[in-house]
Amino acid sequence: MVDANTRPLEAGVVRDFRDELSYGGYLHLDRLLDAQHPVSRPQHHDELLFIIQHQTVELWLKLILHELRTARAHLAGDRLQPALKQLARVKHIQHTLTEQWSVLATLTPSEYVEFRGFLGRSSGFQSYQYRAVEFILGNKNADMIDVFAHDEHARDLLSELLGQPSVYDEFIRYLHRQGHEVPASVLDRDVTKPHTYDPGLVAAFRRIYESSAENWDAYEACEELVDLEENFQFWRFRHLKTVERTIGSKHGTGGSSGVSFLRAALDLTFFPELYAVRTEI
Ligand code: HEM
Ligand SMILES: N[C@@H](CC(=O)c1ccccc1NC=O)C(=O)O
């Protein structure tokens, strides 16, 4: 134990950053910490929580998208293990994002209603990074881009991802190159449309799951994708429950019916055949 209950600074500790890269400089903390601008008047205490909760989500979404793009490129280049490494990282980020809901759940309905009106028609529905992650995972919907008529950067990003194969498309193409029998209709599909259920693909996965020892790589990758989808659904579910306890069945600021609109998203699936194969085994 230190006598004075204080830790003396060691002689080697760097103190002069006039000519050195500092922590704040490297991370651009000046910009990062100057990006929280509550709009409520008089300023409501809890609006800072609301802003920071969303900003941290957006930072993690940026990293998820970065990792998924790289995972997709690895799959396209037949580098399965590096792709799985990126997906493992995405799964950890998803855990953090799902856990993070508990912070916002401390916002009571009476607190939120005091500044909700100041949010106007803005809504998480307009998160282009969230939509980008959905697109790269295969939940394509060109209509979603309409919301970004005001934002060229968002429109360009989403249009780019809409026209590219999803992570699932690249995985299926990889399986085909590895000699797995995959329906041509799936390989040649219009990638701007959402992936739809294909029984021929279920048959391909069934062969992989029934001879897992001989198809270990593919088998492992299938289970990683199921983890990823499940984690995505856990996030959606926590969002739904947080919304339910905060605004009940009010309509959303973005113009939707609110909770029932969000509940419908729980029926969506990125990888339907990976779920269907479970019934076949
Ligand atoms: C008290 C907190 C929150 C409430 C009451 C709430 C409410 C809603 C509602 C009602 C919608 C439906 C669209 C609309 O009409 O507005 C929605 C969508 C959405 N929200 Fe939130 N939200 C909350 C927090 C968050 C947070 C922290 C995020 C993280 C970025 C988020 C991200 C989203 C996304 C991505 C959508 C679109 C979901 C989809 O298309 O299925 N929300 N939210
Ligand atoms: N849609 C929410 C408002 C909301 O939560 C929100 C508002 C602005 C930016 C992000 C938001 N988060 C999620 O939708 C509501 O209806 O209360």
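Is His28 buried, partly exposed or exposed? His28 counts as partly exposed, because its relative accessible area is 42%, and the class of partly exposed residues lies between under 20% for buried and over 50% for exposed. The place of this residue is the loop between α1 and α2. The phi angle of His28 is near 50°, a positive value in a residue other than glycine. The structure shown above is a predicted model, and the rest of this text goes through it from the overall build to the two ligands.

The protein has 281 residues. It contains 14 helices and zero strands, so read from the N terminus on, the order of elements is α-α-α-α-α-α-α-α-α-α-α-α-α-α. Along its principal axes, the C-alpha trace spans about 65 × 55 × 40 Å. The accessible surface amounts to about 16,100 Å², and carbon and sulfur atoms account for 55% of this surface. Of the residues, 42% count as buried. Contacts can also be sorted by how far apart the partners are in sequence. Among contacts between residues at least 6 apart in sequence, 71% join residues at least 24 apart.

Some details belong to the start of the chain. Asn5 is placed in the segment before α1. Like His28, which has a positive phi near 50°, Asn5 has a positive phi, about 50°, although it is not a glycine. Asn5 has a relative accessible area of 72% and is therefore exposed. Helix α1 covers residues 23–27, and Tyr23 lies in it. Tyr23 is exposed because its relative accessible area is 62%. Between Tyr23 and Leu107 there is a separation of 84 residues in sequence; in space, their C-alpha atoms are 32 Å apart. Further along, Pro42 is found in the loop between α2 (29–32) and α3. The peptide bond that joins Arg41 and Pro42 is cis, with omega at about -5°.

Helix α3 is the place of Glu67. Is this residue buried or exposed? Its relative accessibility is 3%, and Glu67 therefore counts as buried. Leaving aside residues up to four places away in sequence, Glu67 touches Gln86, Arg89 and Val90.

The largest nonpolar core has 66 residues. Which of them touch the most other members? They are Leu68, Leu137, Phe171, Phe205 and Leu274. Helix α12, residues 216–247, gives the largest share of this core, with eleven residues. Not counting residues up to four places away in sequence, Leu274 touches Tyr168, Phe205, Tyr209, Cys222, Leu225 and Val226.

The model also holds ligands, and ligand 1 is taken up here. There are 24 residues around ligand 1. Those that come nearest are Ser123, Arg131, His239, Gly254 and Ser256. Three of these names return in the polar contacts. An N or O atom in the side chain of His239 is 3.0 Å from a nitrogen atom of ligand 1. Ser256 places a polar side-chain atom 2.7 Å from an oxygen atom of ligand 1. Helices α3, α5 (101–104), α7 (128–136) and α12 each supply at least two residues of the shell, and the largest share, five residues, comes from α12. By class, this shell divides into eleven nonpolar, twelve polar and one charged residues.

Which residues surround ligand 2? They are Phe50, His54, Tyr112, Arg116, Leu119, Ser122, Ser123, Gly124, Gly252 and Thr253. Of this shell, three residues are nonpolar, six are polar and one is charged. Helices α3 (47–76) and α6 (109–116) each give at least two residues to it. A polar side-chain atom of Tyr112 lies 2.5 Å from an oxygen atom of ligand 2. For Arg116, a polar side-chain atom is 2.7 Å from an oxygen atom of the ligand. Thr253 takes part through a polar backbone atom, 2.8 Å from an oxygen atom of ligand 2. On its own, ligand 2 has 390 Å² of accessible area, and the protein covers 80% of it.

Terms used. Residues numbered from 1 in each chain as written. Chains lettered and ligands numbered in written order. Predicted model: local features only at pLDDT ≥ 70, side-chain atom pairs only at ≥ 80, totals over all residues. Heavy atoms only, no water. Core = buried A, V, L, I, M, F, W, Y, C linked by side-chain atoms within 4.5 Å. Buried < 20%, exposed > 50% of the residue type's maximum accessible area, 1.4 Å probe, protein only. Helix = DSSP H or I, 4+ residues; strand = E, 2+ residues; numbered from the N terminus. Contact = heavy atoms within 4.5 Å. Near = heavy atom within 4 Å. Polar contact = N/O pair within 3.5 Å; in protein donor to acceptor, adjacent residues only side chain to side chain. Areas by Shrake-Rupley, 256 points an atom, 1.4 Å probe, with all protein chains shown as cover. Nonpolar A, V, L, I, M, F, W, Y, C, P; charged D, E, K, R; others polar.
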